[in-house]
Amino acid sequence: MKKTIIGIVGTIVLVILFFFVFKNKFYGTASDIPERIEQKETMLLFVTGKNCYDCNDLEKFFDKQNIKYVTLNKDKDKSYDSILKKLNITDSEIAIPSLIYIQDGQLVSTLVGVTEAEATLFLDNYGVPRN
């Protein structure tokens, strides 16, 4: 009986830890973005695409810095075009990787074809928290 209880408690602890680690890495999904804009949230969008090696490097950098972001994959996310339209951005204004900073549901700034050094300046300029 005690082993069963210990096993259950251990499983619950692992699930909770996994949830916090997973939630910290990913700050929502692309399908959440339109609703979050309507709710006037502040968020960092990281626009990626297939075969984007610079995107992989930036993602590792963001994870090391504990930066919360929402990934928007221009090749996979069905909501990509509608999200850009909601933000009054055209696809021709985006190159991967890109950062889009939204504050209180409004587009504040975009950074296109971003490098790690440029991302650092961008994040510092807008006070994007590192947790």
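This is a predicted model: local features need pLDDT of at least 70, side-chain atom pairs count only at pLDDT 80 or more; totals for chains, interfaces and linings use all residues.
**Aromatic rings**
- Rings pair if their centres lie within 6.5 Å, and by this rule there are 6 aromatic pairs.
- The pair formed by F62 and Y69 is tilted, because the ring centres are 5.4 Å apart and the planes meet at 50 degrees, whereas stacked planes would be under 30 degrees apart and edge-to-face planes over 60.
- Both F62 and Y69 are buried.

**Nonpolar cores**
- F62 turns up again in the largest nonpolar core, which has 17 residues; L44, F62, L99 and L123 have the most contacts inside it.
- At least two residues of this core come from each of strand 1 (43–48), helix 3 (53–64), strand 3 (98–103) and helix 5 (116–125).
- Helix 3 is the biggest contributor to this core, with 4 residues.
- Another core, of 16 residues, lies apart from that one, and its members include M43, V70, I83 and I100.
- Leaving out residues up to four places away in sequence, L99 touches L44, L45, F46, F62, S109, T110, L111, V114, A119 and F122.

- N73 belongs to strand 2 (residues 70–73).
- With a relative accessible area of 12%, N73 is buried, since the cut-off for buried is under 20%.
- A polar atom of the N73 side chain lies 3.0 Å from the backbone nitrogen of K76.
- Beyond its neighbours within four places in sequence, N73 is in contact with T48, G49, K50 and Y80.

Note on methods. Residues are numbered from 1 along each chain as its sequence is written. Side-chain values use heavy atoms; hydrogens and water are left out. Buried means under 20% relative accessible area, exposed over 50%, partly exposed in between (1.4 Å probe, protein chains only). A polar contact is a pair of N or O atoms within 3.5 Å; within protein, one must be able to donate a hydrogen and the other to accept it, and residues adjacent in sequence count only if both atoms are side-chain atoms. Contact means heavy atoms within 4.5 Å. A nonpolar core is a set of buried Ala, Val, Leu, Ile, Met, Phe, Trp, Tyr and Cys residues joined through side-chain atoms within 4.5 Å.
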